[in-house]
Each structure stands twice: as structure tokens, then as C-alpha cells.
Amino acid sequence: MVNHLNLNPCLQCRLGGSDRPFTVSYLINSCGLPKNDAVAASKKLLIESRENPDAVLELLADYGFTNLHISKLVSRWPFVLQYRANETLLPKLKFFCSIGVPDAVSTMSEWTLKSKRDVYGRCGWSESEVAAAFLRSPNCMTLSEKKITATLDFLVNELGLKAGDVARRPLLLTLNLDKRMRLRWSVAKILIAKGLLKESTSVAGLMVSSEVCY
């Protein structure tokens with residue numbers, strides 16, 4: 001997938017619609033994106049050197065991502081090219097493969113993934129937050145719109161978390177809303193009122209902690 005050919009100046013001229021010709025050319029030549037998709041992605045991404053994105057593409061290829069997979073991934077989440085291959089992306093790929101998550105997510109259609117991104121966007125997440133949440137917890141893309149909106153409404157409007165806080169801890173979205181989170185919050189409020197639990201206690205931590213710890 002990684003193409004080490006020098007950028008063609010003529011190609012850059014033909015990409016005059018973008019103010020980031022190097023980025024657009026890289027997305028076309030090395031990632032296989034169609035011109036229109038590359039121009040759109042370049043508005044969210046700036047590539048100034050081949051070194052880091054080349055390392056990301058090589059790592060993805062090593063993990064069995066085909067050219068088509070990489071093209072679709074970069075088109076949906078161009079921010080992946082900004083991750084540090086060994087320090088950030090490699091540990092996540094190892095973890096996802098160990099639990100078989102990529103297979104589940106790969107069966108989702110492009111329309112389904114786009115619709116989930118749109119749902120999170122309407123809930124206040126930026127595209128970079130959606131991408132980061134996906135890398136942390138891919139299962140957050142398999143949740144229904146009803147589950148996503150109901151859980152975020154509870155976390156933001158009742159627990160007082162910010163949308164960005166939830167994006168950094170997407171595991172919260174996968175927890176049972178009524179049987180776990182609402183129940184725990186009801187108990188926590190009683191304990192706080194009795195002075196048995198500090199008000200500064202992390203509510204997110206209460207939601208994700210084990211039953212024994214809780």
C-alpha cells in the first residue's frame with residue numbers, strides 16, 4: 001500500500017481546489033482515496049511528512065488490512081494517520097485482535113458506520129473524538145441510536161459529564177443504563193447525602209468499577 005514515489009507536481013496542479021496538495025496527493029497515492037474523498041479528508045488532516053503515516057499504513061498492512069480496508073478506514077477516519085504506529089496504534093491493534101473485535105466491526109456496512117458517526121456528532125462529539133472512541137472501544141459503533149442517545153443523555157444531563165469526557169471513556173456507553181448506571185447513581189446519591197461518599201468521587205469511576213469494589 002505504501003507508495004514511495006515522489007509527488008507529481010502536475011498532480012498537485014490538478015488538485016488546485018485544495019490548499020493542502022501534499023496531503024491530498026498522499027491520500028490518493030498511498031491510501032487509494034478517490035480525488036473527491038482525498039480533498040474532503042484533507043480538510044481534517046494535515047500531512048507534512050511521509051514518515052509517520054507511512055509507518056501507520058505499514059502496520060495496518062502487517063495486521064492484514066487490505067488496500068480496500070485501508071482506503072475505507074482512512075476515508076472515514078483520516079486522523080488514524082496521525083497516530084504513532086508503535087506507541088499508540090500497535091497496542092490497540094493487539095488488544096482488538098486478542099478479543100476478536102475487528103471481525104465484528106468489519107461486518108458493519110459503510111452506511112451503518114456513517115450513521116453512527118452522525119449520531120455521535122449530533123450528541124456533540126467531534127470527528128476526532130468519534131475516531132478516538134472507536135479505537136478505545138470499537139463496540140461503541142455497534143450500539144443502537146436509541147441506546148447511544150439515552151445513555152449520553154443520562155451521563156451528560158444527570159451525571160454532569162461533558163460529551164468529550166464520555167468520548168474519552170466510551171466503555172460507559174456499553175453499560176446497562178437502568179440495571180447498572182441508574183441504580184448505582186441512586187445509591188451513590190444516598191451515600192453522598194449521608195456523608196458516606198465524597199461528592200468529589202468520580203461518577204464515571206463508580207459506573208465502571210467492579211461489583212466488589214462498588
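Guide: A helix is here a DSSP run of H or I with at least four residues, while a strand is a run of E with at least two. In this predicted model, the chain has 14 helices and zero strands.

Visitor: Which residues in α2 and α3 meet?

Guide: From α2 come Thr-23, Val-24, Leu-27 and Ile-28, which meet Lys-35, Ala-38, Val-39, Ala-41 and Ser-42 of α3, where contact means heavy atoms within 4.5 Å. The residues of this contact divide into six nonpolar, two polar and one charged. Val and Leu are among the kinds counted as nonpolar, whereas Lys counts as charged.

Visitor: What share of the 214 residues in the chain is buried?

Guide: Buried residues, those under 20% relative accessible area, make up 41% of the 214 residues.

Visitor: How do you know how confident the predictor is about the chain?

Guide: On a scale from 0 to 100, the mean pLDDT of the chain is 81, and 82% of its residues reach 70 or more. Over residues 3-17, however, the pLDDT is below 50, although this stretch has 22 contacts in the model beyond near neighbours in sequence. Where pLDDT is low, predicted coordinates should not be read in detail.

Key: Residues numbered from 1 in each chain as written. Predicted model: local features only at pLDDT ≥ 70, side-chain atom pairs only at ≥ 80, totals over all residues. Heavy atoms only, no water. Buried < 20%, exposed > 50% of the residue type's maximum accessible area, 1.4 Å probe, protein only.
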